[in-house]
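Please consult the sequence and structure shown here alongside the text.

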Amino acid sequence: MLIGILILYFNTSPHTLNMLDIATQHPLGGKFALGALTFWLMFIAFAIKVPTFPFHTWLPLAHVEAPTAGSVILAGILLKMGTYGFLRVVLPMLPEASATFAFPVAILAFISIVYGAYCALAQTDLKKLVAYSSVNHMGYVMLGTVAAFAATPAGNDITQKVINFKAAALNGAVMQMVSHGLITGALFFLVGVIYERAHTRDLNSFGGLGATVPVYAGFFILFALASLGLPGLCGFVGEFLVFVGAYGVGPFATGLFIPLQIIVALSLLGVILTAGYMLWTVQRIFLGPLNIKWKGLSDMNLVEIGSLTPLMILTVLLGIYPALILDIVNKSVFSMLTILNL
């Protein structure tokens, strides 16, 4: 990233690191080789942070080793720095390169969505499962970002339609960032709650806990349903807007070897797989016969309930009334797209 920053700095006149000035100047416009180099330098840096396939392999290992608080902060805040970088740095400062390389980024977003879900489906460690779900869900953010990357033809009517669809996709990407922070942060907290009591995260060792720890089961099932995108909870809103926006941009997008609509349609498989691994997780932990060694397991205490209740309220509130976030985000998104005229 530092090399990319230096390239941008030395190509502005006068030299500056003010992001608004760089975005206004587009200093690498018309410099294909230098723009491509800077794009991929920035892309790798931010893709590792997201994380996007194939730069995701550090995330499950980091989550497994991290304490509960570390996992909550990592999922809730730090992963968003990568997608923020794409929206705040790469797209405004390198619009031509972003359009040129929209296709490979779209393919990586699709792989992240489906591969992350398949990996989550294969896990028996609850924390690793939630970690791979982050790869899956952040793939949706990248898919919404790709819709904004895509080059589209000019024309009064076409331009306005494209801006509307791109705005929907970017609004969905930002909403997905917020909802992922709430939902996955809560899920990692819940993993810590059960690990503190059972000293294991092995899904195959649980079963029937719904009757033993009903409050814990209620919180976990709510956030699991939010993670799989149940309408009425905030996880649904971001995914829906990403798919609608990206699919709408598809007919206008140029320079893609595969139509964007096909990539979006294939990415819907991730939604099905997410429902599969989340519902299967709920089944393995809370349903079926009770493992006798968990008979005396204590339920959540008031401190734990108090910590999760604000996340639960926001998850439901933003699912019912997402305008609390979208009204703020939408103004910035439209302003950026109109200025870029993408």
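## Pocket and salt bridges

The largest pocket has a volume of about 520 Å³. Here a pocket is an open set of points on a 1 Å grid over the protein atoms alone, with protein on both sides within 12 Å along at least five of seven lines, and lining residues have an atom within 4 Å of a point. A volume is the space filled by probe spheres set on the points. Of the 18 lining residues, Leu87, Arg88, Pro92, Ser332 and Met336 are the closest to the centre of this pocket. Helix α17 contributes the most to the lining, with eight residues.

The model is predicted: local features need pLDDT of at least 70, side-chain atom pairs count only at pLDDT 80 or more, and totals for chains, interfaces and linings use all residues. Residues are numbered from 1 along each chain as its sequence is written, and side-chain values use heavy atoms, with hydrogens and water left out.

The whole structure holds two salt bridges, each defined as a side-chain nitrogen of Lys or Arg within 4 Å of a carboxyl oxygen of Asp or Glu.

| Salt bridge | N to O distance |
|---|---|
| aspartate 125 – arginine 201 | 3.1 Å |
| arginine 197 – glutamate 304 | 2.9 Å |

Arginine 197 in helix α10 and glutamate 304 in helix α16 lie 107 residues apart, and their pair links distant parts of the chain. Arginine 197 counts as buried because its relative accessibility is 18%, where buried means under 20% relative accessible area (1.4 Å probe, protein chains only). Glutamate 304, at 8%, is also buried. Aspartate 125 and arginine 201 are both buried.

Key:
Buried means under 20% relative accessible area, exposed over 50%, partly exposed in between (1.4 Å probe, protein chains only). Helices (H or I, at least four residues) and strands (E, at least two) are DSSP runs, numbered from the N terminus. On a 1 Å grid over the protein atoms alone, a cavity is a set of points where a 1.4 Å probe fits but cannot get out, and a pocket is an open set with protein on both sides within 12 Å along at least five of seven lines; lining residues have an atom within 4 Å of a point.
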